[in-house]
Amino acid sequence: MTWPEPTPDAKTGPSTQGAGDLVITGCTALVHDEREQIGFVEDATVVVRGGRVETVTAGPVDLTATGLAAAERIDARGQVAMPGLVNCHTHTPMVTLRGIAEDLPIDEWFNEFVWPIESNLQERDVELGARLACAEMIRGGVTCFADHYFSMDTVAAVTAESGLRANLGQAFFSSQGAEGRERSLDFALRHRDTADGRITTSLAPHAPYTVDDADLAATAGLAREHGLLVHIHAAENRDQTEASLARHGRTPIEILAGAGLLDVDLLIAHGTGIVERDLPVLARATGRIAVAGAPRGYLKFAWPTTTPVRALRELGIPVGLATDGAASNNSLDVWESMALTALVQKSTEADPRRLTSRQALHHATLQSARAVGLGERIGSLAPGRRADIILVDLSGPHTQPVHDLAATLVHSARAGDVRTTIVDGRILMRDRELLTLDVPAVVREMNERMPALIDRSHGKRIQDYDT
């Protein structure tokens with residue numbers, strides 16, 4: 001495959017146009033066929049009208065005939081146009097804790113560092129962390145993320161300003177009483193379909209080990225009543241599953257089933273502790289169930305198992321890609337999650353044919369979109385889908401030559417190869433220049449606030465990790 005030198009994006013108009021009309025020419029477009037198989041259209045033209053993909057065609061398009069002669073244009077020769085990546089489970093404000101607690105088992109990580117520090121969080125810390133996280137994700141080609149944290153009104157405001165798409169949930173513990181659950185519902189109802197539809201919401205109970213059966217059942221009832229997704233940590237690792245069996249005689253997945261949470265739309269974060277006895281339970285689910293996998297964190301914590309991607313897919317359960325928070329993962333790099341998912345599954349299955357590069361790209365696109373409840377809106381470059389598009393430059397020495405484009409994208413390309421990030425047809429980054437966020441100002445203020453944030457001398461923590 002001949003790969004031409006990229007041409008700098010043509011700046012023919014303002015990047016903040018409201019109409020979302022855009023034409024991308026000369027790219028290679030990643031598309032899905034009618035069986036959802038990954039394919040590529042060379043020398044493609046992508047036409048965006050009103051923030052939606054209108055056409056993806058091979059060769060040039062007569063823009064005068066389409067009425068888009070005045071639309072913003074990007075010459076993307078030497079680049080791949082593909083659906084924006086989705087980070088299916090993260091905690092954006094936790095970028096403030098990047099590298100704060102390293103080389104520790106998870107109980108010490110939580111109890112000695114993360115939960116004591118989070119007791120110091122102020123709204124301004126959350127805002128600065130969310131700003132830095134959004135900037136990092138835009139630069140890495142993430143156009144949508146699912147966030148599960150505190151002070152989510154602030155995160156919603158930052159998301160709206162950044163131009164990103166997100167599913168947001170206000171986390172709660174049973175230790176907060178009924179008020180915690182009520183705040184989660186109030187947030188979800190107030191912010192649902194805001195930011196011109198870019199923000200969707202979920203109910204966000206923390207986990208079965210911090211939220212009791214009564215609260216879980218009440219959450220399921222609220223999800224049914226209001227048509228909301230539920231986003232929860234569950235069966236995060238094998239130790240949690242074994243502890244749950246010892247204490248309750250049920251796995252975390254069985255606890256979710258007993259509470260009715262498998263009969264509503266549910267996003268399970270991690271799931272590396274899903275065991276064989278959980279599979280028939282998941283098979284009987286009547287809700288739309290999905291799992292978000294973040295393999296880098298599992299490797300760092302030395303967990304013995306990983307998300308059982310193959311078993312879940314055989315049940316029709318999509319597995320989306322995630323990073324978790326930067327406090328555990330150190331980055332919000334979904335490209336790395338994609339490559340590690342493929343590699344870890346090959347190792348776990350002892351079969352180099354699983355996952356293939358094309359399968360990994362499917363997880364990164366359509367499966368991730370479905371995981372966050374947006375499978376009909378985003379995840380593919382197809383007519384009618386929202387125009388969440390990234391342009392990836394493959395002219396660098398680490399991506400050449402290109403013999404297998406899917407393999408190049410999964411195993412050679414990096415977050416830094418993303419040149420342009422587009423959401424709803426609006427350009428958020430052009431030729432690596434962020435257009436909606438001021439990173440230096442965020443970092444300056446964050447560093448000024450850091451001593452007070454990381455002080456653990458008070459001896460408090462927001463919760464105890466004991467599973």
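# Close-up views of a predicted model

**View 1. L185 and its neighbours.** Leaving aside residues up to four places away in sequence, L185 touches L203, L222, H226 and L228, where contact means heavy atoms within 4.5 Å. This is a predicted model, so to speak of local features takes pLDDT of at least 70, side-chain atom pairs count only at pLDDT 80 or more, and totals for chains, interfaces and linings use all residues. Residues are numbered from 1 along each chain as its sequence is written, and side-chain values use heavy atoms, with hydrogens and water left out. L185 sits in helix α5; helices (H or I, at least four residues) and strands (E, at least two) are DSSP runs, numbered from the N terminus. Why does L185 count as buried? Its relative accessibility is 15%, and buried means under 20% relative accessible area, exposed over 50%, and partly exposed in between (1.4 Å probe, protein chains only). For a sense of scale, L185 and S357 are 172 residues apart in sequence and 39 Å apart in space, going C-alpha to C-alpha.

**View 2. Helix α5 against helix α6.** Helix α6 covers residues 213-226, and α5 packs on it at an angle of about 20 degrees with the axes 11 Å apart. Axes here are lines fitted to C-alpha atoms, for helices over the stretch in contact, and angles run from 0 to 180 degrees between N-to-C directions. The two helices are therefore roughly parallel to each other; angles under 35 degrees count as roughly parallel, over 145 as roughly antiparallel, 65 to 115 as roughly perpendicular and the rest as oblique. From α5 come R181, L185 and L189, and they meet D215, A218, T219, L222 and H226 in α6. Sorted by class, the contact of α5 with α6 has 4 nonpolar, 2 polar and 2 charged residues. Ala, Val, Leu, Ile, Met, Phe, Trp, Tyr, Cys and Pro go in as nonpolar, Asp, Glu, Lys and Arg as charged, and the others, Gly among them, as polar.

**View 3. Helix α5 against helix α4.** Helix α4 (residues 152-162) and helix α5 (residues 178-191) have axes 11 Å apart and an angle of about 20 degrees between them. That makes α4 roughly parallel to α5. Their crossing is right-handed. M152, D153 and A156 of α4 make the contact with F187, R190 and H191 of α5. The class count for α4 with α5 is 3 nonpolar, 1 polar and 2 charged residues.

View 4. Zoom in on β9 (residues 199-205) and β10 (residues 229-234), and you find 2 bridges joining them. S202 stands opposite L229 in β10, and L203 stands opposite V230. How many of the residues of β10 are buried? The count is 6 of 6. L229, H231 and H233 are buried on one side, and V230, I232 and A234 on the other.

**View 5. Helix α13 across helix α15.** Here the axes of α13 (residues 334-349) and α15 (residues 405-412) come within 8 Å and cross at roughly 110 degrees. The pair is therefore roughly perpendicular. W335, M338, A339, A342 and L343 of α13 meet L409, V410 and H411 of α15. By class, the contact of α13 with α15 has 7 nonpolar, 1 polar and no charged residues.

View 6. Most residues other than glycine have a negative phi, and most peptide bonds are trans. E36, in the loop between β1 (22-32) and β2, has a positive phi near 65 degrees. D43, in strand β2, has phi near 45 degrees, also positive. A cis peptide bond joins R354 and L355, with omega about -5 degrees; another joins Q400 and P401, with omega about -10 degrees.

Technical notes: Pairing = 2+ DSSP bridges. Left-handed = near helix turned anticlockwise from the far one by under 90°.
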